[in-house]
Amino acid sequence: MIDPVIFSFKLFVWTITLRWYGVLVMFGALVGAWIAGKEIRRRGENDEAIWDAMVWVLPAGIIGARLWYVVNSILGGSSYYTDNPAKIINIPEGGLHFFGGLLFGAIALFFFLRKNGMDFWLFLDSIAPAALIGQALARPANFINQELYGQPTKLPWGILINNFGSRLPEYQDLTRFPLESTRFHPTFAYEMVLNILLGLLLLWVALRYSESIKPGTIFGGWLVAAGLARTFIEFFRPDQPRIGESFVTYSMLVALLMAVAGVLLLLVRYGKLRLAFAAGWEEEYQIKPVEEKPRVRRRIIAEETVEKDDEEEAVEEVPVKPVRRKPAARKTTAKSKK
């Protein structure tokens, strides 16, 4: 078992702790932003915008992911956060939900793009595959925290959950589920593998059909792929609260709605379905003209001034020498003739 804490030290009255959970989440976010930047630039937009957007999206996404996780836990009947409200802000202990991060992050991105006059579809299509890969890279944090695992399994890739405090209540009977021998489905690993494969597939489609693909297509494909993948994963998640007595979890319902929304978006995009509110959707990305920075303009002007000065000096120097030499040569010749 890997210690979730990388290091910890005292600073006056505060304890500073660095956890694998936070490091891996940030690593996934940065790699995802880097991939998104590459896609944004390939589509003709300024890729620096994604790093500016991260200032808006990342804090909003973390807040949303935490709040969704807390609400999801309460819906499941847990009183942990209602009895300990201060624990809601204790993000380092673990507990972020992708759907909350997606919702709040998308809202923040929308306002950022509208404020800067940038194309929403272009950024959604660029970010969609990157979001899958970035999320996948953060998933090993769930293994370190011994969370988000599935039911007991005899499969060879099953994992041990040998920290009793991490066991779900239904698996805390150690006579039936011994710590040293009971293995569980690594659902976080299933999702990690699926996300990487689906993210790479979307990147390939975006590159292969870059000349004919319509704005919003990759985002629609992401909705379908991510929604169906999460629906599949939910069958292996006994920790997720279910709707009534059914087998359907709240997360499964949201994932299915995502997939349905993706199908509708693709049908509308390619004329198979006509909706009034989508009548004016753009057929091509609207690229924002690149604005030159004042500092760069000043440097260019300075360079042009220097070049003009050099040219003027060259023009002045070239005719001077022959003008002085020729009269001198004529005077000498005239005296010799006399």
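These legends walk through several close-up views of one predicted protein model.

Residues are numbered from 1 along each chain as its sequence is written. Because the model is predicted, local features need pLDDT of at least 70 and side-chain atom pairs count only at pLDDT 80 or more, while totals for chains, interfaces and linings use all residues, and side-chain values use heavy atoms, with hydrogens and water left out.

**View 1**
The chain has 10 helices and four strands; helices (H or I, at least four residues) and strands (E, at least two) are DSSP runs, numbered from the N terminus. Of the 338 residues, 37% count as buried. Buried here means under 20% relative accessible area, exposed means over 50%, and partly exposed is in between (1.4 Å probe, protein chains only). Take the contacts (heavy atoms within 4.5 Å): among those between residues at least 6 apart in sequence, 68% join residues at least 24 apart.

**View 1. Helix α7 alongside helix α8.**
Two packed helices are described by the angle between their axes and the distance between the axes. Here, the axes of α7 (residues 187-208) and α8 (residues 217-234) come within 10 Å and cross at roughly 160 degrees. Axes are lines fitted to C-alpha atoms, for helices over the stretch in contact, and angles run from 0 to 180 degrees between N-to-C directions. α7 and α8 are therefore roughly antiparallel to each other. For angles, under 35 degrees counts as roughly parallel, over 145 as roughly antiparallel, 65 to 115 as roughly perpendicular and the rest as oblique. α7 passes α8 in a right-handed crossing, that is, with the near helix turned clockwise from the far one by less than a right angle. On the α7 side, the residues that meet α8 are T187, Y190, E191, L194, L198, L202, V205 and A206. Their counterparts in α8 are I218, G221, W222, A225, A229, R230, F232 and I233. Sorted by type, the residues of this contact of α7 with α8 are 12 nonpolar, two polar and two charged. In that sorting, Ala, Val, Leu, Ile, Met, Phe, Trp, Tyr, Cys and Pro count as nonpolar, Asp, Glu, Lys and Arg as charged, and the others, Gly among them, as polar.

Side chains of opposite charge can pair when their charged atoms come close. A search of the whole structure finds eight salt bridges, each one a side-chain nitrogen of Lys or Arg within 4 Å of a carboxyl oxygen of Asp or Glu. In this view, the side chains of R139 and E191 meet in one of them (3.2 Å, N to O). The pair links distant parts of the chain, 52 residues apart: R139 is in the loop between α5 (120-138) and α6 (140-144), and E191 is in helix α7. R139 is buried at 10% relative accessible area, and E191 is buried too, at 6%. Salt bridges that share partners join R139, E191, R230 and E234 into one network.

**View 2. Q135, beside E191.**
Q135 lies in helix α5 and is buried, with a relative accessible area of 12%. Leaving aside neighbours within four places in sequence, Q135 is in contact with F98, E191 and N195.

E283 forms a salt bridge with K214, and their closest N and O atoms are 3.4 Å apart. This pair also links distant parts of the chain, 69 residues apart: E283 sits in the loop between α9 (250-269) and α10 (294-337), K214 in the loop between α7 and α8. E283 is partly exposed at 47%, as is K214 at 23%. In the other pair, the side chains of R41 and D47 meet at 3.9 Å, N to O. R41 is partly exposed at 44%, and D47 at 22%.

Phi of F12 is near 60 degrees, a positive value in a residue other than glycine. F12 is in the loop between β1 (5-11) and β2 (14-19) and is exposed at 73%. Q146, not a glycine either, has a positive phi of about 55 degrees. Q146 is found in the loop between α6 and β3 (159-160) and is buried, at 7%.
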